[in-house]
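Below are a few questions and answers for a first look at this structure.

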Amino acid sequence: MKATETTILKFIGGEDKVFIIPPFQRNYAWTTEQCEELFEDILTAVKDNKNHYLGNIVYYEGENNGASFSENILIDGQQRVTTILLLLCAIRDVVSDEETKKKINRKYLKNEDVDPNNLYRVRLKQTDYDNGIFEKLINETLDPNEKGKIAENYGSSRNFWKTER
């Protein structure tokens with residue numbers, strides 16, 4: 001095993017990465033309070049011009065790695081990665097600048113131009129339980145009345161971002 005220090009945006013960013021949460025991992029379960037604590041920590045770090053340690057993210061390379069994609073199977077850190085992506089979705093959906101929206105989608109949320117089969121169009125594949133709602137969120141088709149932790153924490157992320165920007 002190799003440990004590498006990086007930022008979360010460098011880890012998830014790029015146009016050739018796919019993250020998969022395997023079926024044996026738990027469904028997304030973070031509470032609104034846990035998300036808000038993470039967002040506050042990130043905001044404080046940005047304001048103080050310091051790094052914030054998010055914890056370890058453990059993954060291994062999947063079997064479907066190839067020329068187009070680097071498939072990464074998340075073993076630890078999937079709750080944090082999902083929460084960061086929820087925040088990025090909230091930022092994308094709140095900002096008015098179309099170029100910023102496209103950049104967030106292209107760098108962190110979707111593999112739009114390099115996946116002709118749409119197998120890995122959404123950059124993070126959730127567990128079966130959460131995948132449908134997560135894909136709707138990424139594709140901007142989420143019903144505002146949707147229930148569940150992903151929808152709830154996405155709403156919390158939007159509210160947080162609106163008040164802090």
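Q: Is Cys35 buried or exposed?
A: This is a predicted model, in which local features need pLDDT of at least 70, side-chain atom pairs count only at pLDDT 80 or more, and totals for chains, interfaces and linings use all residues. Residues are numbered from 1 along each chain as its sequence is written, and side-chain values use heavy atoms, with hydrogens and water left out. Buried means under 20% relative accessible area, exposed over 50%, and partly exposed in between (1.4 Å probe, protein chains only). With a relative accessible area of 0%, Cys35 is buried.

Q: How many disulfides are there?
A: A disulfide is a pair of cysteine sulfur atoms within 2.5 Å. The cysteine sulfur closest to that of Cys35 belongs to Cys89 and is 13 Å away, which is too far for a bond. The count of disulfides is zero.

Q: At what angle do helix α2 and α3 pack?
A: Helices (H or I, at least four residues) are DSSP runs numbered from the N terminus. Axes are lines fitted to C-alpha atoms, for helices over the stretch in contact, and angles run from 0 to 180 degrees between N-to-C directions. The axes of helix α2 (residues 32-47) and α3 are 11 Å apart, and the angle is about 70 degrees.

Q: Which residues does Thr82 touch, not counting residues up to four places away in sequence?
A: Thr82 lies in helix α3 (residues 78-94) and is buried, at 1% relative accessible area. Contact means heavy atoms within 4.5 Å. By that rule Thr82 touches Ile21, Tyr28, Leu124, Gln126 and Phe134.

How values were computed:
Helix = DSSP H or I, 4+ residues; strand = E, 2+ residues; numbered from the N terminus.
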